[in-house]
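Work through the exercises below with the sequence and the model in view. Try each task before reading its solution.

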Amino acid sequence: MRKNDVKDVKACRICKQKKLYKFLDLGKMPIPNGFLKKEDLKKFEEKFELSCFFCKYCGLIQLSKVVNPSLLFKNYVYIPSIAKVMMNNFSNLSHQIYKEQKLNASSLVVDIGSNDGSLLTFFKNYGTKVLGIDPAINLVKVARMKGIPSESKMFNVKNARLIKKKYGSANVITATNVIAHIDDLHQVFKGVSYLLAKNGAFVTEFPYLLDLVKKNEFDTIYHEHLSYFSLKPWRRLVDQYGFEIVSAQRLLVHGGSIRLIHKWKSNKKNPANKTVHYLISLEKNYNLYSKKTLSGFAKKVENLKYDLTTLLKTIKQEKRRVVGYGAAAKGNVLTNYFRITNKILDYIVDSTPYKQGLFTPGTHIPVVGENILHHDNPDYILILAWNFADEIMEKERAFRKNGGKFIIPIPEVKIL
Ligand code: DWN
C-alpha cells in the first residue's frame, strides 16, 4: 500500500473536534467497486480498514480512514440509469426544482458528481443550461456523448472559480449521492458559496442515517461513503456557510434518503424549520446519538451475519444452488464481511454493461448479464441490491413462477 493511498481521520469532518468513538469495525476489505478482470484474480488485492467513528460533539458518523479518491473514482463503474427507481427519482427531482425555482432557458443547473449525466438530461429537456462535474473520466465521456456538457474535475473552490469564469453563476447546484463521498466538506461549501447565484438553490440528496441504523443497512457503509448524514450535524455545517434548509423531504431510494433544498439565509419566515426540527426530534427520540444505540447497531449486524450465513450453509448442504442479483457496491461489502464467496454464489446478475464479465472484489464471484439467469435454473436468488428488490422481483417474476425463491438480506433475512 502506497503512503498516500489511505489516511487516518483524526478530527470530525464537520466540527473538527477530536472526540471520536469507534462503534463499528467491518475489518479490512477491498474497495467496493473494485471489480476485477479474470487475469487479475491471482494478483494481490489491496484491502483497506472499514470502520466507523461517531463524533461525540456534533454527532456526525464518519469512516475512520479516507482512501485516496483517485483509487475510488477515476474509472467508475456505477451508473444510476440502470434502475428505473433512480430515474423516476431524478425525474421527480428535476420537475420539483424546475417549478419551485422558476427556472427557464437562461438558468444554469450545475450537478456535482454528475456521473453519466442522467439527472442533467432531465433539466436539459426542460430547456435549461446544464453542466456536469465529475472526476470519473469514463463517465464524463458518456455524458458528453449524451449532449451533457461535463468537466472531469473534483468539485472544490478552485474549480468553482474556473466554472464561474467559464459558465457564470449557477441558479441551481445539485449534489445527489455525492456529498458523502467527499472528505473536505468545507471545500464543497466554499465552492458552492462562490458559484451559487444570490437567489440560487443548493439541492442535496443522500442516504439518511436514521434509516440506515433503524433498518440495519450496514452494507451501505463502505470506503466511498466517508460520512453518514443526519440533520443535527448537517444543519450545523450549512449554518456555518450562511445557508438555511428551506425544504426537507424523506425519500425511499437507497434504503431511505433525504432531499434538502438550501438557500441563502434571509429574514423571511422559513416554514421548513418545523420539518427540520421534527426530523431532529426523531433522531433524538431514537437515541441516534448514543453509544448504546450505535453499539446495538453493530450487534444487529453480527446477528444478520449469523442468520444469512446459516441459511446459505443449509441451502448448500441440501445441494441447492444460489446466485446473486445486483453487483452493487453494498453487495460487495455484505459478501466480503459475511465471507460469501464464489463457493456459495455461482454468479451475480447485473445489467450494468461495465460490470459484466468482471469479478467481485475480494470474493471473486463472476458478474453476468440477465440472459445467463434466463437460461439457468438456480433454486435461490440472493438480492444484493435489496434497495431495488421490488423492481428486480417484478423483472424476474418468471423465476419465482418456476418455483425459484428470492432471499432479501436487509433489514432482516427474508425468503420470498
Ligand atoms: O452512493 C452510491 C450509491 C448511490 O450507488 C455510489 N457510491 C455507488 C452506488 O452504490 P451501489 O452500487 O450499492 O448502488 P445500487 O444502485 O444499489 O446498485 C444496484 C446494482 O444493481 C447496480 O449495479 C445495478 C444493478 N441492477 C440490475 O442489475 N438490475 C439494478 C436493478 C434495479 C436491476 O434491475
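**Exercise 1.** At what angle do α6 and α8 pack, and how far apart are their axes?

*Solution.* Step 1: the angle is about 45° and the axes of α6 and α8 are 10 Å apart. Axes are lines fitted to C-alpha atoms, for helices over the stretch in contact, and angles run from 0 to 180 degrees between N-to-C directions. Helices are DSSP runs (H or I, at least four residues), numbered from the N terminus.

Step 2: this angle makes α6 oblique to α8. Angles under 35 degrees count as roughly parallel, over 145 as roughly antiparallel, 65 to 115 as roughly perpendicular and the rest as oblique.

Step 3: Leu185, His186 and Phe189 of α6 make the contact with Trp234, Leu237, Val238 and Gln240 of α8. Contact means heavy atoms within 4.5 Å.

Step 4: by class, this contact of α6 with α8 has 5 nonpolar, 2 polar and no charged residues. Ala, Val, Leu, Ile, Met, Phe, Trp, Tyr, Cys and Pro count as nonpolar, Asp, Glu, Lys and Arg as charged, and the others, Gly among them, as polar.

The model is predicted: local features need pLDDT of at least 70, side-chain atom pairs count only at pLDDT 80 or more, and totals for chains, interfaces and linings use all residues. Residues are numbered from 1 along each chain as its sequence is written, and side-chain values use heavy atoms, with hydrogens and water left out.

**Exercise 2.** Describe how helix α5 packs on helix α6.

*Solution.* Step 1: α5 (residues 157–167) and α6 (residues 185–195) pack at about 20°, with axes 8 Å apart. That makes α5 roughly parallel to α6.

Step 2: α5 contributes Val157, Ala160, Arg161, Ile163 and Lys164, and α6 contributes Gln187, Lys190, Gly191, Tyr194 and Leu195. By class, the contact of α5 with α6 has 5 nonpolar, 2 polar and 3 charged residues.

**Exercise 3.** Which residues of α8 and α9 meet?

*Solution.* Step 1: the axes of α8 (residues 231–240) and α9 (residues 272–285) come within 9 Å and cross at roughly 135°. That makes α8 oblique to α9.

Step 2: Leu231, Lys232 and Arg235 of α8 meet Val276, His277, Leu279, Ile280, Glu283 and Lys284 of α9. The classes in this contact of α8 with α9 are 4 nonpolar, 1 polar and 4 charged residues.

**Exercise 4.** How many residues surround the ligand?

*Solution.* Step 1: the number is 26, and the closest are Glu224, Lys330, Asp350, Ser351 and Lys355.

Step 2: an N or O atom in the side chain of Lys330 is 2.6 Å from an oxygen atom of the ligand.

Technical notes. Helix = DSSP H or I, 4+ residues; strand = E, 2+ residues; numbered from the N terminus. Near = heavy atom within 4 Å. Polar contact = N/O pair within 3.5 Å; in protein donor to acceptor, adjacent residues only side chain to side chain.
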